[in-house]
4 protein chains.
Amino acid sequence: MSEEPLESRRVYSYLGPAGTFTEAALAQVPEARGQEWRPVRNVGEALADVVEGRSNAAMIAIENSVDGGVTTTQDALATIPGLRIVGEYLVPVNFVLVARPGTRLEDVTVVAAHPVAYGQSLQWLTTNIPGHEHLPAASNVASALGIAEGTSGADAAVAAPGVVAHHEYEVLAEDIGDNSNAVTRFVLVSRVAPPPAPTGADKTSLIVELPEDHPGALLDLLEQFATRGINLSLLASRPIGDELGRYRFVIDADGHIEDERMADALLGLRRFSPKVVFLGSYPRADRVIIRYPQRYSDEVFVEARDWLRGLIAGEPEV
Amino acid sequence: MSEEPLESRRVYSYLGPAGTFTEAALAQVPEARGQEWRPVRNVGEALADVVEGRSNAAMIAIENSVDGGVTTTQDALATIPGLRIVGEYLVPVNFVLVARPGTRLEDVTVVAAHPVAYGQSLQWLTTNIPGHEHLPAASNVASALGIAEGTSGADAAVAAPGVVAHHEYEVLAEDIGDNSNAVTRFVLVSRVAPPPAPTGADKTSLIVELPEDHPGALLDLLEQFATRGINLSLLASRPIGDELGRYRFVIDADGHIEDERMADALLGLRRFSPKVVFLGSYPRADRVIIRYPQRYSDEVFVEARDWLRGLIAGEPEV
Amino acid sequence: MSEEPLESRRVYSYLGPAGTFTEAALAQVPEARGQEWRPVRNVGEALADVVEGRSNAAMIAIENSVDGGVTTTQDALATIPGLRIVGEYLVPVNFVLVARPGTRLEDVTVVAAHPVAYGQSLQWLTTNIPGHEHLPAASNVASALGIAEGTSGADAAVAAPGVVAHHEYEVLAEDIGDNSNAVTRFVLVSRVAPPPAPTGADKTSLIVELPEDHPGALLDLLEQFATRGINLSLLASRPIGDELGRYRFVIDADGHIEDERMADALLGLRRFSPKVVFLGSYPRADRVIIRYPQRYSDEVFVEARDWLRGLIAGEPEV
Amino acid sequence: MSEEPLESRRVYSYLGPAGTFTEAALAQVPEARGQEWRPVRNVGEALADVVEGRSNAAMIAIENSVDGGVTTTQDALATIPGLRIVGEYLVPVNFVLVARPGTRLEDVTVVAAHPVAYGQSLQWLTTNIPGHEHLPAASNVASALGIAEGTSGADAAVAAPGVVAHHEYEVLAEDIGDNSNAVTRFVLVSRVAPPPAPTGADKTSLIVELPEDHPGALLDLLEQFATRGINLSLLASRPIGDELGRYRFVIDADGHIEDERMADALLGLRRFSPKVVFLGSYPRADRVIIRYPQRYSDEVFVEARDWLRGLIAGEPEV
C-alpha cells in the first residue's frame, strides 16, 4: 500500500474520535497495529487524506445490514479517482443508552443520537421512553461526548459501546438496537495499487453507469456477470445527480480481477458501459471460499484461448 | 380516498412544521386545499396517522435527485401493510442560509443544518465559510427555528426557503445547494383503495423480494418488465435486514396496473417472487405520456386472448 | 375428430402401400382398427384427403431420430390451414435387404432403395456390397415391389421389414440400418377440433415466424418458453422460401394448451410473432409425465390472477 | 488451400456429372479455372477426396432457399474432422423438362426427377401433367441422361438447364420451378488451413452441441452471439442421432474469426459447449459488408484489454 521506507510509520485515517465503530474496524487490521491512527470527521476527509498523501489508507463504513449502503461513501468512491479498496472488515453494531452518572431512565426526555443510530434504536426508544424528543448528533461518539462534557441539551445519548472506555457514564441500557444481528461493513481504502493477491475468497467492487435509458440496459449489465457464473452480493443504485431517473450501480461481485471469469466480465462491462469504476479486488471479511461451476474455472478459459489460437493458425484440432 | 361524509373535512399528515418542502408538496394537491393539514415529526408518524385513521392521506418524501431514495420511507412502505400511493409531486430543492437580523456572513462559525441539506450545500459552505462547524438539526425548518427562537448554538442555518414566511431572518445567501436542478419527489399515501384511473402518464410502484440468491434471480425479475416493453424509472435495493447480502428491490415502472402489459408483468412477478408489495399506480408528477412499442398495446393482449380461446374451443382460425 | 354418424366408418389416410412404416404407425391407433385405411402416395395427398373431407385423419411421418425432421411434412403443416395434430406414434426403423428367391448376396450389384433408407443403411452396404450401385426408389415398399414384380433393374432392395408379409422374397440380411435405435415419429392429423384432454404427458406443436431479422428475435421467442419453465423437445428451422436467411421455426414444447403455463406462453408468442401456427396439443407417444418446477403450476397462475383482481378492486391484501 | 508446387495442377471434386448446379458453382471459382475438375457421385465422396488428399477442395451444396439445409452435407461436416469452408457461392436454381427429340408434352406420363427437384416443380407438374407418375433419379443430370441414353422408363425428365449442352433433347418447358427466386448455396471445402483474410463481408460457420437438455441451454448459446452484436444468418438443428430430442445446431454467423467480437463469441461458445466444430470463416457470396454497432468494433475490445491490464498492474487510470 505504501512505497515509503520500512522505518517510516504508516498512517491510517478513520472516522473518530476514539470509540467509534470505525475504530473497531481499524483494530482488526494487523498491519495497522502500532502505526499512526488519524481520526477525521467524515468520509470526505478520510479519502482526501489518502488522495493527498497524508495517510496511507482510510477505513470507511460502506454498508450496514439494517440501514443499507452508506450513500455518502458510495458517492465519494464513484467520483473521487485514484482510490482502491484493499480490505473488508465487519463490525457487529450495538448501541448503549448512556447518561451522566446518577441519571435514571425515567428522568430522560431528550435523547441525542446520530440519525442512523436513532433509526436503528427507534423500537426500543418508543417502547421505553414513549414521549422522548430526538436531538441529532454528528456521530455515535459525539452524542455521548456532549453528555459527558455537559454541552448537550440532551438527557441521554444513544452511543457506540466503546464510549464507556473514554468517559464515565451511567449506562441506562445496553444492546438497544432493534436488530441484534446488525453488522456494519467497512473497507480499507488506499491509493491505486496492484490488487492484493487472489485468495479464493475475494470480492470485486465496481461502480457502473448504464449506456442509455432503455428497458434492457440493466439486464445487459447483469448478464455480463450471470453468463460467467458470477454472483453479486451487492447491487445498489445511486442517482448520478444530474436528473431524476439517472442512476449508477454499485456492485460487489464474488471473485477477483485475476480470476479469468471476472477478468472476462470486466472486459464485457468496459465495452458495454460508458463508465466503469474499478474499486478493487480484495479478500472478503468472512473468508468464505467462492464456489462456482467448473465450466467457469480458469483452465476452461485458458483452454478456449488455446483452441482459438489453433483455429486462426490453421492447426488441425486434436 | 375517504369514505366519510362530504361535509367532514379531510386530514392530510405531512412532515412539519410549516415551511418544509413537504408542505410545499402538499400545497400542490388541489383536493387538499381548505382541508386540515396535520404536521408530524417523521415518516413513521405520518404513515401511522393513515393506517390508524387519524388522517386520510400523508405526504412523504420518497426520493431526491441528488441524494437518492429516502430509505426510511422505502423501508416503511415495504413493511407497513394497508397503504397505497395515490399521487406524486415534485418540489425543486433550494436552500437559503439564514441568521438573526443584523448578522453578516463573516460572523458565522457554527452552521445548523439537517444532515441531508448539509450534504447538499457542502461545496458552497466549504468555499464561503471555510472553517465552519456543523450542528445537525432535525429538519430544514427546525434548523432555522432554533436561530429565530435563540435556542440554537448555531450562528446561521441552512433552511428551506419557506422559513422566511414564518419568522424574520437575515438571509445571508440564497440558492446555496450544490446542484441547482435538485428536486425531491414526494408521494401522497392513503389506505388501500382502487387505484386512480389510468391517464396514460402513470407510474406503478412496487417492492419485490427475490426468490433465492442465485446469479440469475435479479435478471429474471427485470425480464418480467423488459419482455413486456416496460421501462423502469427507479430500481433501488434495500437490505431486508436479517443478514448482509439479502435485499428487496424498490421499483418504479412506467405504466398503470390496468394497462394490459403492466397487469401481465405483475402476474409474472407474483408467480416468480416470494413477496410483491404493490404500492400503487398513480399519475406521474411530470404528466409525460408513456411511450411503448405497439406490440405491447392493450389491443394486442386482448386479441391474443381471443385467439387462445378459439384454439381451445377448436374453432377454425380466421 | 369426426362429426359423422357412429354407424359410418372412419377413414384414415396413410403413406402406402401396405407394409410401410406409416402403416405400422397407424396400426398403433386403437380407434382406427376395423375402419377404412386409405393408402396414398405422399404427405400432400394425405393432408388433402383430410382438408377436403375424404378422410377423417391422416398418419404422417414428422421426424426421424437419425435423419431429422421430415421437411415436406413440416412445410405442409406450416402452410395448409385447418389441420390439428391429435396423436403421436413411434415406430422403430429397421431395414431388410430382400431379393428374388434364390438370389445370393454375392450376386448383388444394383440396390434399389428410397434415398432416406439408403442413407441409413450406407455403412452396411459399403461394407458388405462394396462396389454396389444405388437405384433410387419411391418408398420402402416400392423398392421391394419392383423386385417381386420383376420391373426393377435392381438385384436387391433395401425395404421395410413389413414387405415380407406381402410377397415372397429371399431375405439376404436383416437389421441393416446403421443405427439400431433408429425410430421414426409419426403424427395423426385431423381437421381443426378441440384438443384431446390433457393427460399430464402432453406435447404442443407450433410453427412460429420471427418478427424481424435482428440478433435477439430468436432469443425473445425462446424466452417465452424458458420463463415459464417449458422445455422444448424439438426446435427446427425451415426456410420460409421467399429468400435465403428467412426462417420459420418448428417447435415441440412439453405440455398442453390447457396447462396455464403453456397458455401463457402461447399468449406471449402470439403477441410477439407475426405468425403462430398452433398444430395441436396431444398425448406424447412415450407417455412420460412432464416435470416442471412448482412455481409454474396451474395453482400459482390462478392465485396470481386472484391477487391482481384484488389489487385493482382495492381490496386489502390478506 | 494447397501447399503443392505451382506447376502441379489443383484438383476440385464436385457432384457430377457435367451439367449439375454444383458444376455451375465451381465455375464461379477463379482459382479453379484450368485446373482438374473431378466429378463424384455424392457429398461423402467429395469430402473423402479432400480428407484423403485426392483433391485440394470440394464444392458441395449446403442450403437451398426453398428446401432448406442439405442435411447430408450438414451431417458430414459435423462428423468428418479436418475440413474447412473457404468460400461460398450462390447458384439460381431453375429446372427444365426435357424429353427425347420429337416428344410432345401430351405424350408424357412418367417423369424422372431427383426427389428435391421433383418437390420444387410439383406445382407445375400437377397443373400441366395431372396424371403423371414420378420415377426418382439420382441427380438432376442423371434424370436426363437416362432419357438421352434410352435406359430410363420415363418419358421426360426434370433436369438442370445445363444438361442441354451435353446431349440433344426436346425441351418441353423451361423454368418449371415453383419459386422463380430459388437459389442454392454452395461451399468450397478444403483441408484445415488458416482462414482466408477478413474482408468485412465474411461469414463464420459452426456446428455446436448443447451442454445438457434444460430449458435455457439454447438461450445461453444464442446469447453468446447476441451479447456481442453478432447476427445469425442460419440456425438449423440436426439430430445427433443417438436418441430422439438430442440435437446439434448448425450456425452461420455474420463476421470473421479474426474480428474481435467473433473471436470473443467463439471463446464463449467453447467454454459453454461440450463440442464446437469450427467450419471456417470465409467471404460471403453476396459480398455484403457486415454492419454492427460501434460498441462491438475491434478498437473497443482492444481498449478494454488495455484497461484491464492497467487495473491489474495498479496503474492510475487516465
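This is a predicted model: local features need pLDDT of at least 70, side-chain atom pairs count only at pLDDT 80 or more; totals for chains, interfaces and linings use all residues.

I began with a helix pair: helix 9 of chain A and helix 7 of chain D cross in a right-handed way. For handedness I use this rule: a crossing is left-handed if the near helix is turned anticlockwise from the far one by less than a right angle, and right-handed if clockwise. My helices (H or I, at least four residues) and strands (E, at least two) are DSSP runs, numbered from the N terminus.

Residues are numbered from 1 along each chain as its sequence is written, while chains are lettered from A and ligands numbered from 1 in the order in which they are written.

Back to the pair: helix 9 (residues 298-313) of chain A and helix 7 (residues 260-272) of chain D have axes 9 Å apart and an angle of about 125 degrees. Axes are lines fitted to C-alpha atoms, for helices over the stretch in contact, and angles run from 0 to 180 degrees between N-to-C directions. The two helices are therefore oblique to each other; under 35 degrees would count as roughly parallel, over 145 as roughly antiparallel, 65 to 115 as roughly perpendicular, and the rest is oblique.

Who touches whom? On the chain A helix I found V300(A), F301(A), A304(A), R305(A), W307(A) and L308(A), which meet A263(D), L266(D), L267(D), R270(D) and R271(D). Contact here asks for C-beta atoms, placed from the backbone, within 7 Å. (Ala, Val, Leu, Ile, Met, Phe, Trp, Tyr, Cys and Pro count as nonpolar, Asp, Glu, Lys and Arg as charged, and the others, Gly among them, as polar.)

**A pair inside chain B**

Next I checked helix 7 (residues 217-226) and helix 8 (residues 260-272) of chain B, whose axes come within 8 Å and cross at roughly 165 degrees. Helix 7 of chain B and helix 8 of chain B are therefore roughly antiparallel. D220(B), L221(B), Q224(B) and F225(B) of helix 7 face A265(B), G268(B), L269(B) and F272(B) of helix 8 in this contact.

**Chain against chain**

I looked up the A and B pair: 37 residues of chain A contact 37 residues of chain B. The chain A side divides into 17 nonpolar, 15 polar and five charged. For D and C, 37 residues of chain D contact 37 residues of chain C, and the chain D side has 17 nonpolar, 15 polar and five charged residues. Chains A and C do not touch, with nearest C-alpha atoms 12 Å apart. Chains B and D have no contact either, and their closest C-alpha atoms lie 12 Å apart.

**A sheet in chain C**

Four strands of chain C make an open antiparallel sheet in the order 13-14-12-15; strands pair if DSSP finds at least two bridges between them. Strand 13 (232-239) and strand 15 (276-283) are the edges, each pairing on one side only. Neighbouring strands are turned by 15 degrees on average, direction ignored. Helix 3 (residues 71-79) of chain C packs on this sheet and touches strands 12, 13, 14 and 15. Seven bridges join strand 13 to strand 14 (residues 247-254) of chain C.

How values were computed: Two residues are in contact if their C-beta atoms, placed from the backbone, lie within 7 Å.
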